[in-house]
Every structure is written in C-alpha cells, then in structure tokens.
Amino acid sequence: MEITVAALNAAADAQTLNTLKLHSGPAGANGTANQIPGASVAATYAAASNGYRDLASAVDVPVSEGDTVSHFSVWNGSTFVFGDVLDTNAETYSNDGTARVNSARLTFAPGE
C-alpha cells in the first residue's frame, strides 16, 4: 500500500524552509559545493499540496557580474535541506543583476 497524499503533505509541511541559495553547479551532499557568494535570500514556502511544497511567491536573488547560475539549495537556517537544478540552461550574468526564482520545489513522492 502506498503512503497517502495527506501523509506526504504532512511530511513536506514538517520541513522548515527559510533560505534559498544559488549555485554554479550541483549543491553537493552538504549543500556547500558551488555556492555563489552573496546569492542567498530569505524564502517563504506555501503549505504542501499533492505531496510537494513550493515557494509562496517568486524570490529575487542578487548575482554579480560573471556569476553562472544553474542550481539552487534550500536551507533551514544553517541546516541544508535539499538542492536541485534551477534551470536546464545555466545563465551567466554579464552585469550585476537579479535572478528571479519562481520555483524551488520540495517533493515527497509515494514509493513504487
């Protein structure tokens, strides 16, 4: 028997997610690989639905000229929670700017 969607939602909602960081490659097992200095902002997550949680609204993350953005990580304070690919096409910034992150989804999926 598979876990229920209600249980998946409860598991997702139990996670405290409050900081989003950008990376130039995979975040690695502890979330510190390829971090882009200064590319970190507070983030608010919506309640879980269908076994996942996503940002309550888009967040804007400062990036510097020359930064290449391809991945993100999500944290509970100083505790790494998860990381993933931000976009399949990495973007290198030719000027200081802002990366708008529309989705940084935490997914709990039923087993197979």
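The largest pocket has a volume of about 190 Å³. A pocket is here an open set of points, on a 1 Å grid over the protein atoms alone, where a 1.4 Å probe fits, with protein on both sides within 12 Å along at least five of seven lines. The grid points are joined across faces, edges and corners, and the volume is the space filled by probe spheres set on the points. Rolling a probe the size of a water molecule over the atoms shows where empty space is left.

The model is predicted: local features need pLDDT of at least 70, side-chain atom pairs count only at pLDDT 80 or more, and totals for chains, interfaces and linings use all residues. Residues are numbered from 1 along each chain as its sequence is written, and side-chain values use heavy atoms, with hydrogens and water left out.

Lining residues are those with an atom within 4 Å of a point of the pocket. For the largest pocket they are Val-69, Leu-86, Asp-87, Asn-89, Glu-91, Tyr-93, Ala-99, Arg-100, Val-101, Asn-102 and Ser-103. Strand 9 supplies the largest share of this lining, three residues. Strands (E, at least two residues) and helices (H or I, at least four) are DSSP runs, numbered from the N terminus. By class, the lining has five nonpolar, three polar and three charged residues. In this classification Ala, Val, Leu, Ile, Met, Phe, Trp, Tyr, Cys and Pro count as nonpolar, Asp, Glu, Lys and Arg as charged, and the others, Gly among them, as polar.

A salt bridge is a side-chain nitrogen of Lys or Arg within 4 Å of a carboxyl oxygen of Asp or Glu. The whole structure contains three of them. In one, Arg-100 pairs with Asp-60, and their closest N and O atoms are 2.7 Å apart. This pair links distant parts of the chain, with Asp-60 in strand 4 and Arg-100 in strand 9, 40 residues apart. Arg-100 is exposed, at 53% relative accessibility, while Asp-60 is partly exposed, at 37%. The cut-offs are under 20% relative accessible area for buried and over 50% for exposed, with partly exposed in between (1.4 Å probe, protein chains only).

Another salt bridge joins Asp-54 and Arg-105, whose closest N and O atoms are 3.6 Å apart. Asp-54 lies in the loop between strand 3 and strand 4 (59-63), and Arg-105 in the loop between strand 9 (97-101) and strand 10 (106-107), so the pair ties together parts that are 51 residues apart in sequence. Asp-54 is buried, with a relative accessible area of 14%, whereas Arg-105 is partly exposed, at 37%.

Arg-53 and Asp-13 also meet in a salt bridge through their side chains (3.7 Å, N to O). Because Arg-53 belongs to strand 3 (residues 52-53) and Asp-13 to helix 1 (residues 5-13), the pair ties together parts that are 40 residues apart in sequence. Arg-53 is buried at 8% relative accessibility, and Asp-13 is partly exposed at 39%.

Strand 3 also holds Tyr-52, which is partly exposed with a relative accessible area of 26%. Which residues does Tyr-52 touch, not counting those up to four places away in sequence? They are Asn-9, Ala-47, Arg-105, Leu-106 and Thr-107, where contact means heavy atoms within 4.5 Å.

Asn-34 has a phi near 60°, a positive value in a residue other than glycine; its place is in the loop between strand 1 (19-23) and strand 2 (35-42). Asn-50 likewise has a positive phi, near 55°, and belongs to the loop between strand 2 and strand 3. Asn-34 is partly exposed at 37% relative accessibility, and Asn-50 is exposed at 56%.

Finally, the chain may be viewed as a whole. It has one helix and 10 strands, in the order α-β-β-β-β-β-β-β-β-β-β from the N terminus on. The radius of gyration, taken over C-alpha atoms, is 15 Å, close to the 13 Å that the globule rule (2.2 Å times the number of residues to the power 0.38) gives for 112 residues, so the chain is as compact as a globular protein of that length. Buried residues make up 35% of the 112 residues. Among contacts between residues at least 6 apart in sequence, 66% join residues at least 24 apart.
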